[in-house]
Amino acid sequence: MTNQTTEHNEKPDSQPIHQQSANEPLLRVRNLSVDFTTDTKKAIHAVRDASFTVYPGQWVAIVGESGSGKSTSAMSVLGLLPGTGRVTGGSIDLQGRELTKLSKKEYEKVRGQHIGLVPQDPMSNLNPVWRIGAQVKEALVANGMDVSHERRSSLSKTLANAEVDVRKEDDEAFISSAGLPGLLDAARKALEQSGDANVEKTMKRFGASWVAGSEPRWLVAQDLIDAGVGNEQAWAIAKEHVHDATMDDRIAGLLAEAGLPDAATRARQYPHEFSGGMRQRALIAIGLASRPDLLIADEPTSALDVTVQKKILDHLRMLTDSLGTAVLFITHDLGLAAERAQHIVVMYKGRVVESGPSLEVLQHPRHPYTKRLVNAAPSLASQRIISAKERGKDADALLEHRVKGEETLERSEHIITVEHLTKEFKLPRRTEMFKAVDDVSFSVKRGTTLAIVGESGSGKSTVANMVLRLLEPTSGKVSFEDRDMADFNRRDMLAFRRNVQPVFQNPYGSLDPMYSIFRSVEEPLRIHKVGNARSRAERVRELLDMVEMPQSVMRRYPNELSGGQRQRIAIARAMALNPSVIVCDEAVSALDVLVQNQVLELLNDLQAERGLSYLFITHDLAVVRQIADEVVVMQHGRLVEHATTDEVFDHPQQQYTKDLLDAIPGGNLSLGLDS
């Protein structure tokens, strides 16, 4: 990408964002240091001497584990450091303006207008009692945006002027919902007069792209000219019909740009009526509402399915490219960073330890920490296995989990069998039942791992909850050790609970915040009346050793541990009763890739040592490649594919499975990794 921009034509603030020459950075951070102060007045150095640069229109990714300083660096640029955080040294230069010297009021003029934000958690960053449209409106009003005219970055003006002559400011006026029908009628007549042989096809394209509150007059004129309408006639139609867009038009236009269908209706809905992906799209609309020169995307898709993640990042890429917006992309996944950004900055313990072009960092990592990130990223591990197989090499050494062969799987006993499982739910204000799981059958073989894969809403967690007997099936049966669980009495169910233990997705929510770590791990032993107080305490120590946690954590509480440490405690608790089966429901999806890799290694080691069986629920096929022997793929409540892991990856049968494989971050990267 060419890193260039033209002069900035916006009206100056009290201290202007200066005009730029070609190849001049949009953002230049030099020797940034950020401290936080503890209750005892001790300074914690969160960021030390960090430097990076972002050019107009460029995607730069900051990569690192939790606590590496990547989000703190981004929040420093925004002037939104939490709590006691403060910039103690260095420079943050945005288009020639030093941001570290700005007052709070001056910073408010920079935020929104020049720097936008797409935060990590869509649910906690949208007001639950405000309609989506009201929250987009707030961003427009707070930044004094003219909702009837487009405001573009310097780079997008350069790109636009290269394609069409934008004659004056009024040519940036948006289509209005009131004027759209007349515009479409006039366009049809002009196409018919020009002799267009594909009028219906062209009109269909116009209907899809001419969105009220989004498409400016000059682009309407350009579309007409490209379709064969004369220059003067095209501009005459655009001038007559494209004007007077309202606030509601602009809100709907922004939501439509972010990829939300039927945007005017969606604007009237509340966040709880949106899926996770739809909420994230709403946040993207808010972040880009004021047409900032720089968008900071802080882990914008970490909580989403890989297929939804791919769609949203593809759309964000298209949108920022068309607007000429630069993106500072914060992520812990090096594979995702390399796929999306032109330049990568790797942070570790508050310092930048490596920086360079994406593929260069990925293929030839220099710093030991970067090498660890490359090795730990599930998406890159999956790609290394594929690359090794294509070169005819043995891929087993790259697998954390030595996958069982076909013959071994055939001979294995079935410890859990699911037959024709169906679950229906009654929805509010609906007479028909919603079928969340529809006639699903599979078995978990002793000492092996079966992964259930699918997007959110595919029914995989509902299946897991029925296997755990936390939900009653509508029909079908679940058998444990060849016995139908529907026939279990209370004593049988207690024995089942002892043998089948869960590890849930959210390490923050699965541990009682009021219980010490000792009490949380000891609780299953106490409930099942195992041993006395002394033997239970000894067992807790054994379990902590097993998951490689120091015994000193016993007296601590969940809020004092990191996400990865909490998940290790959850695994220790699950192992307390020596179960034969562990049901892992998205057990690593909320963790950084390094921590995720450590937890997967732990699960593999425990399985090898103790012959455990795992039912592993996930949306990420890259993780499946590292841990599973067999894979069940679910879509819309139905089982669409069931085969060995190698068979699913090497010869997927269903298009849906192929889409899941294509969505693995970094899956299309060329890996010539240094050892």
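A residue is called buried when its relative accessible area is under 20%. In this predicted model, Leu294 has 0% relative accessibility and therefore counts as buried.

**Leu294 and its surroundings**

Leu294 belongs to strand E7, which spans residues 294-298. Although 267 residues separate Leu294 from Leu27 in sequence, their C-alpha atoms are 8.2 Å apart in space. Beyond its neighbours within four places in sequence, Leu294 is in contact with several residues, among them Leu26, Leu27, Val54 and Val77. Its contacts also include His114, Ile115, Gly116 and the residues Thr325, Ala326, Val327 and Leu328.

**The four-stranded sheet**

Four strands form an open sheet in the order E2-E1-E4-E5, and their pairing is antiparallel. Strands E2 (43-54) and E5 (97-98) stand at the edges with a single partner strand each, so one side of each has no neighbour in the sheet. In general, strands of a sheet pair through backbone hydrogen bonds. Strand E1 (residues 27-37) runs antiparallel to E2, and eight bridges join the two. Within this pairing, Val29 has Phe52 in E2 as its bridge partner. Helix H1 (residues 70-78) lies across E1, E2 and strand E4 (86-94), at about 110 degrees to E1.

**Helices and their burial**

Helix H7 (residues 217-226) is largely enclosed by the rest of the structure, because seven of its ten residues are buried. Arg217, Trp218 and Asp223 are among these buried residues of H7. After H7 comes Gly228, which has a positive phi near 105 degrees.

Helix H26 (residues 655-662) has Tyr656, Thr657, Leu660 and Leu661 as its buried residues. These lie on the same side of H26, because they cover an arc of only 140 degrees around the axis. The elements that cover them include those in the table below.

| Element covering the buried residues of H26 | Residues |
|---|---|
| Helix H12 | 306-323 |
| Strand E13 | 449-453 |
| Helix H24 | 621-627 |
| Strand E19 | 630-635 |
| Strand E20 | 638-644 |
| Helix H25 | 645-650 |

**A packed pair of helices**

Helix H15 (residues 368-376) packs with helix H23 (residues 593-610) at an angle of about 55 degrees, and their axes are 9 Å apart. That angle makes H15 oblique to H23. The two helices cross in a left-handed manner. On the side of H15, Tyr369, Arg372, Leu373 and Ala376 meet Val593, Leu594 and Asn597 of H23.

Definitions and conventions:
Residues are numbered from 1 along each chain as its sequence is written. This is a predicted model: local features need pLDDT of at least 70, side-chain atom pairs count only at pLDDT 80 or more; totals for chains, interfaces and linings use all residues. Side-chain values use heavy atoms; hydrogens and water are left out. Buried means under 20% relative accessible area, exposed over 50%, partly exposed in between (1.4 Å probe, protein chains only). The arc is that of the directions from the helix axis to the C-beta atoms. Contact means heavy atoms within 4.5 Å. Two strands pair if DSSP finds at least two bridges between them. Axes are lines fitted to C-alpha atoms, for helices over the stretch in contact, and angles run from 0 to 180 degrees between N-to-C directions. Angles under 35 degrees count as roughly parallel, over 145 as roughly antiparallel, 65 to 115 as roughly perpendicular and the rest as oblique. A crossing is left-handed if the near helix is turned anticlockwise from the far one by less than a right angle, and right-handed if clockwise.
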